[in-house]
Amino acid sequence: MRETSVCVECGTFSLDRAGKIPDNYKLDGNIDFLRNRKVKICMKCGRVYGEQGEELTKAGKKIYFRDGKFMLVKEINFYYRKEKYGWLSNFWRCWQEVDGIWYPANEYYYQAEKARERDVYIWISNAPSPYLAMIAGRALRKNKELVDDWDSKKVEIMLKGIRAKFKDDKLREKLLKTGDAVLHEDSPTDKFWGKTGKDMLGKLLMQVRNEIREEELTKQKE
Ligand SMILES: [Zn+2]
């Protein structure tokens with residue numbers, strides 16, 4: 001195997017030098033095979049690799065070093081609405097309210113926010129389907145119909161939309177149930193939101209999952 005220092009998770013040159021896990025180090029029973037092995041750890045995301053940078057997995061789960069521990073992490077891929085985790089998709093139909101306006105799915109809100117003109121905004125947020133909302137939003141031209149600096153705003157807008165989507169009790173519960181699984185939008189083409197690129201949609205969903213978990217903990221304490 002070719003020696004590499006690129007983390008396949010984050011796509012960056014972020015792998016540390018290979019080092020041996022100390023003998024006295026406590027490992028979860030299910031990853032005891034790491035004992036006496038040299039491993040490389042990604043400095044950015046914590047993904048654990050073998051000495052030559054080969055991917056280490058067990059039972060379809062990936063290994064990460066997080067919070068001072070080696071752990072097996074489940075991964076969830078989502079894309080099509082009808083699949084098991086389709087509700088993580090931006091196209092999933094579930095009414096959400098943002099700043100006093102109701103949208104049938106987060107995609108409507110996200111795409112409408114691209115519009116500079118009010119009538120275009122309203123058209124997109126009432127498009128016949130989330131797919132058509134996306135097509136319309138993507139068709140807006142820079143310096144014309146598209147709001148200024150969209151690229152610097154889009155992550156914040158998506159995050160706001162995801163927070164609104166997961167105000168829904170059922171979705172909230174489902175999201176919490178994904179536990180510590182790593183979430184990826186399995187888009188074959190989207191290099192920003194999808195897993196073939198920056199994987200941003202999954203990252204924001206995990207961020208919102210953390211926020212919800214914190215909220216629930218605070219509620220329990222009260
Ligand atoms: Zn990484």
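In this predicted model, Arg172, Leu175 and Leu176 of helix H5 meet Arg209, Ile212 and Arg213 of helix H6. Sorted by class, this contact of H5 with H6 holds three nonpolar residues, three charged residues and no polar ones. Helix H5 covers residues 169-177 and helix H6 covers residues 200-221, and their axes come within 10 Å of one another, crossing at roughly 105°. Angles from 65 to 115 degrees count as roughly perpendicular, and the two helices, H5 and H6, are therefore roughly perpendicular to each other.

The domain assignment divides the protein into domain 1, residues 19-73, and domain 2, residues 78-221. Taken over C-alpha atoms, the centres of domain 1 and domain 2 are separated by 33 Å.

Two sheets come next, beginning with the one built from S1, S2 and S3. These three strands form an open sheet in the order S1-S2-S3, with antiparallel pairing. Strand S1 (19-20) and strand S3 (48-50) are the edge strands; each has a single partner strand, so one side of each is left without a neighbour in the sheet. Strand S2, residues 38-41, pairs with S1 in the antiparallel sense over two bridges. Along this pairing, Gly19 has Val39 in S2 as its bridge partner, while Lys20 stands opposite Lys38 in S2. On the pairing of S2 with S3, three bridges join the strands, again in the antiparallel sense, and here Lys40 stands opposite Tyr49 in S3. The strands S2 and S3 also form a hairpin, with six residues between them. Within its turn, Gly46 has a positive phi of about 85°.

The other sheet is made of S4, S5 and S6. It is an open sheet of three strands in the order S4-S5-S6, and its pairing is antiparallel. Its edges are strand S4 (57-58) and strand S6 (69-73), each with a single partner strand, so that one side of each has no neighbour in the sheet. Strand S5 spans residues 61-66 and is joined to S4 by two bridges, the two strands running antiparallel. For a reader tracing this pairing, Thr57 has Lys62 in S5 as its bridge partner.

Helix H3 covers 130-139 and helix H4 covers 150-165, and Asn143 lies in the loop between them. The phi of Asn143 is near 60°, a positive value in a residue other than glycine. Asn143 counts as exposed because 7 C-beta neighbours lie inside 10 Å, and 12 or fewer is the limit for that class. Asp149 also lies in the loop between H3 and H4, and the phi of Asp149 is near 55°, likewise positive in a residue other than glycine. With 8 other C-beta atoms within 10 Å, Asp149 is exposed.

Along the chain, Ile122 and Arg81 are 41 residues apart, and their C-alpha atoms are separated by 24 Å.

Technical notes:
Residues are numbered from 1 along each chain as its sequence is written. This is a predicted model: local features need pLDDT of at least 70, side-chain atom pairs count only at pLDDT 80 or more; totals for chains, interfaces and linings use all residues. Axes are lines fitted to C-alpha atoms, for helices over the stretch in contact, and angles run from 0 to 180 degrees between N-to-C directions. Helices (H or I, at least four residues) and strands (E, at least two) are DSSP runs, numbered from the N terminus. Angles under 35 degrees count as roughly parallel, over 145 as roughly antiparallel, 65 to 115 as roughly perpendicular and the rest as oblique. Two residues are in contact if their C-beta atoms, placed from the backbone, lie within 7 Å. Ala, Val, Leu, Ile, Met, Phe, Trp, Tyr, Cys and Pro count as nonpolar, Asp, Glu, Lys and Arg as charged, and the others, Gly among them, as polar. A residue is buried if 20 or more other C-beta atoms lie within 10 Å of its own, exposed if 12 or fewer, and partly exposed in between; C-beta atoms are placed from the backbone. Two strands pair if DSSP finds at least two bridges between them. Domain bounds come from an automatic or database domain assignment.
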